[in-house]
There are 2 protein chains.
Amino acid sequence: MTELPDVKQKILVKINEEKENIIDLLRNMVQIPSVVGDEKAVQEFMAKKFEEMGLTVDKWVPDYDELKTHPGFASPNTTFENRPNVVGVLKGTGGGRSLILNGHMDVVSPYDESLWEQAPWSAAIVGNRMYGRGSSDMKGGVAAMTMAVDCIKKAGVQLKGDVIIESVIEEEAGGVGTLACVVRGYKADAALITEPTVVEEGGVPMVCPAQGGSMWFKVHVQGKSAHAGLRYEGISAVEKAFKICNALWDLEKFRNAKLKHPLYQRYEIPLPLNIGILNSGVWPSSVPEEATIQCRIGVAPGESIESVRTQVKDYVQKFAELDSWLVDHPPKVEFFGGTWIPTELPLDHPFVKIVINSYSKVFNQEPELAGTPWGADGGLLVHHGDTPVVIFGPGDMRVIHFPNEYIELDKLIAATKVIALAILDWCGYIT
Amino acid sequence: MTELPDVKQKILVKINEEKENIIDLLRNMVQIPSVVGDEKAVQEFMAKKFEEMGLTVDKWVPDYDELKTHPGFASPNTTFENRPNVVGVLKGTGGGRSLILNGHMDVVSPYDESLWEQAPWSAAIVGNRMYGRGSSDMKGGVAAMTMAVDCIKKAGVQLKGDVIIESVIEEEAGGVGTLACVVRGYKADAALITEPTVVEEGGVPMVCPAQGGSMWFKVHVQGKSAHAGLRYEGISAVEKAFKICNALWDLEKFRNAKLKHPLYQRYEIPLPLNIGILNSGVWPSSVPEEATIQCRIGVAPGESIESVRTQVKDYVQKFAELDSWLVDHPPKVEFFGGTWIPTELPLDHPFVKIVINSYSKVFNQEPELAGTPWGADGGLLVHHGDTPVVIFGPGDMRVIHFPNEYIELDKLIAATKVIALAILDWCGYIT
């Protein structure tokens, strides 16, 4: 690190000094439950943090009526009452490039808490790990990006370009928080989203210039009821649902066999089609008459959402035409809820190069470059906010949405450093 | 019919005269919704009917504390408040055999009412059919047995043996209503349960000296959650559940291949194993961590409940031992809720012969003899009430638990006649 200019060196030293504060910030964030829909308390905490940092704070509740007709809108909700977005702006001195740091504060449910060895809101630290729902996805990322800015400020370094920290709601259900930031006018010359990019046990984060898109759909399957005693007089919707699930997994194989994207070769299944929910039947002694399958399908950078929708519908329809019952009772495919648009930056984009360079200085190795296998809010920033996006963050994507989600604290600190260096290089600073 | 003695001829004429009243009674019964748990209104209607007929009426609420330790007890409930049983007794003059006529007034839910062409509580008549939830299962049977007694009384015929009409609750969830009758002391020299025994479109009812048993069980399946984007890091509980469902259907084949019972040869699947409910997963973007399968398995006359329980558990366990994940995360089999004990009478039992004989006189043909493929309350009467049981009724078992359940009205009237003749022959009468 001896080759670093003094300012950068000073920031890295500052981050080392602030290590306990970084961990404390994350602990406080994790200890405030914020399952999607219930983000108010944690967002008020973030607004207070931004105020303490001396940022210009913008806190507002996304307006359903304003957003609902936006082409990027996707939400299961019709109001966002009590669910504020919070943006903190550090105004630059001028002449530099602006940067958005974006992260979501909503988390998925911990579900069955009995499966957690550490309580999901405990933020318990065991060795190098802090446990808790949202620790990796993605309060860890938000803590890192917030503290990167905090340390730059505390070190007295003045940036030329603006830094806009977006602490948003509802990423897990469609991205309305980030969309609301776009519609409110927040744009920048680049954006970093600090979603988790560690993919291997004990591994280092990747740098992701591409993000996969994804969307949700349901398949409604009709059977024919009958008393269990004469079950062969009925048509089991659950049996038909199994067949459709198999067809969907075949579609996954089909799509992945066709995918040649170089940033996705590292994944066993680059474009996963996940069957997340299956519900069928109402009574043990009746043949189930209906089944609903709820899925999430990955969309590759370069694919259009519409083309994938058509592909899913066509595939299910063609499969149904092979079944004597389904041909007359075709399953209905319904896209609903979240839609995350895929996006990618060329590898020689200046911001990609700066993130790679910052990473190399902190980790003393080149980062692995990959696309994320999941969708995030990047598509909204790129397609609707005209802001190029890189994804890089300290969390581990293998443990997110799981019981016993955790983050490795050394990655949290290292990511804070990478982000701080990238801010300095991208925004520029007064020497 | 010219060979019939005058008294029997008189009763058949009376039933013909009462045809509209029989249909009216059933219409009134169907128009009172009585989904299992909500039987109060229809039971009060029955009590009133029995009073008008001049029967001794016994109306009481089954007592959970009294019944819960009984070996025949199976119920998802811990109170039966507002859910009375009703028994009407017609005391004989003495010297005859006593007879229980048993039927349940609870019905399964109509579920999605939009699938009904006639509203489920309309009792709408279209041609020879009356539509409605419970019309076949089994208010039609209860109407027939009630009106058989009513017509005998109205015709002024005096029976020697007692007739006990049991209008019970909760057959659909385990038979606590009939159990409560047994515990209250109601026994007889024979019983007729008027559950539906038509099994073919436009067919005539069968006479069933045997009834299949059945019971419910759940299989709890454990997977391993993961974010959809890395779904291959998880283990899909729904995928494992499919495998277990296939194993359960194999178990069904295994059991049926071994079954040689002559009264069950007519069924495509004499001992059905129905997968009635499958629920798995909580979020489209997570690999489902748990699945629950709810099933109903048929038990053959001659099989013990305990041996079938052991067979199911062993089969699932052996299957799990073949799967690299399930071997370490074995599915849990849990028997719950309803248990219907199988039972059968020898074909030369006097009551079987009387029902066959009565049937032949009304239908001018020998009845088909079969075992029912479903469980009913007969097992409780036989095993705990020491009362031999035959099942015969006017409903169509193909349409029960379906939308658009109906009963054929000519079968309703014919069944009333069969029951009336059987009462006369079994109980004896003053000539």
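Tutor: In this predicted model, helix α5 (residues 135-154) of chain B and helix α11 (residues 409-427) of chain B have axes that cross at roughly 50°; angles from 65 to 115 degrees would count as roughly perpendicular and those under 35 degrees as roughly parallel, so α5(B) and α11(B) are oblique to each other. Their axes come within 8 Å, and the crossing is right-handed. On the side of α5(B), the residues that meet α11(B) include B:Gly140, B:Ala143, B:Ala144, B:Met147, B:Ala148 and B:Cys151. From α11(B), the partners are B:Leu412, B:Ala415, B:Thr416, B:Ile419, B:Ala420 and B:Ile423. By class, this contact has 13 nonpolar, 2 polar and no charged residues.

As for the partner chain, the contact between the chains takes 48 residues from chain B and 48 residues from chain A. On chain B, α7 (237-258), β10 (273-280) and β11 (290-299) each supply at least two residues to it, and β10(B) gives the largest share, 7 residues. The side of chain B that touches chain A divides into 27 nonpolar, 16 polar and 5 charged residues.

Strand β10 (residues 273-280) of chain A runs antiparallel to β10(B), joined to it by 3 bridges, and A:Asn279 stands opposite B:Asn279. Chain B can be laid on chain A with an RMSD of 0.1 Å by a turn of 180° and a shift of 0.0 Å along the axis. The two copies are thus related as by a two-fold rotation axis. Of the residues of chain B, B:Asn279 comes closest to that axis, its C-alpha lying at 2.3 Å. The same surface serves both copies, with 100% of the contact residues of chain B recurring in chain A.

How values were computed: Residues are numbered from 1 along each chain as its sequence is written. Chains are lettered from A and ligands numbered from 1 in the order in which they are written. This is a predicted model: local features need pLDDT of at least 70, side-chain atom pairs count only at pLDDT 80 or more; totals for chains, interfaces and linings use all residues. Copies are superposed by least squares on the C-alpha atoms of residues with pLDDT of at least 70 in both. Two residues are in contact if their C-beta atoms, placed from the backbone, lie within 7 Å. Axes are lines fitted to C-alpha atoms, for helices over the stretch in contact, and angles run from 0 to 180 degrees between N-to-C directions. Helices (H or I, at least four residues) and strands (E, at least two) are DSSP runs, numbered from the N terminus. Angles under 35 degrees count as roughly parallel, over 145 as roughly antiparallel, 65 to 115 as roughly perpendicular and the rest as oblique. A crossing is left-handed if the near helix is turned anticlockwise from the far one by less than a right angle, and right-handed if clockwise. Ala, Val, Leu, Ile, Met, Phe, Trp, Tyr, Cys and Pro count as nonpolar, Asp, Glu, Lys and Arg as charged, and the others, Gly among them, as polar. Two strands pair if DSSP finds at least two bridges between them.
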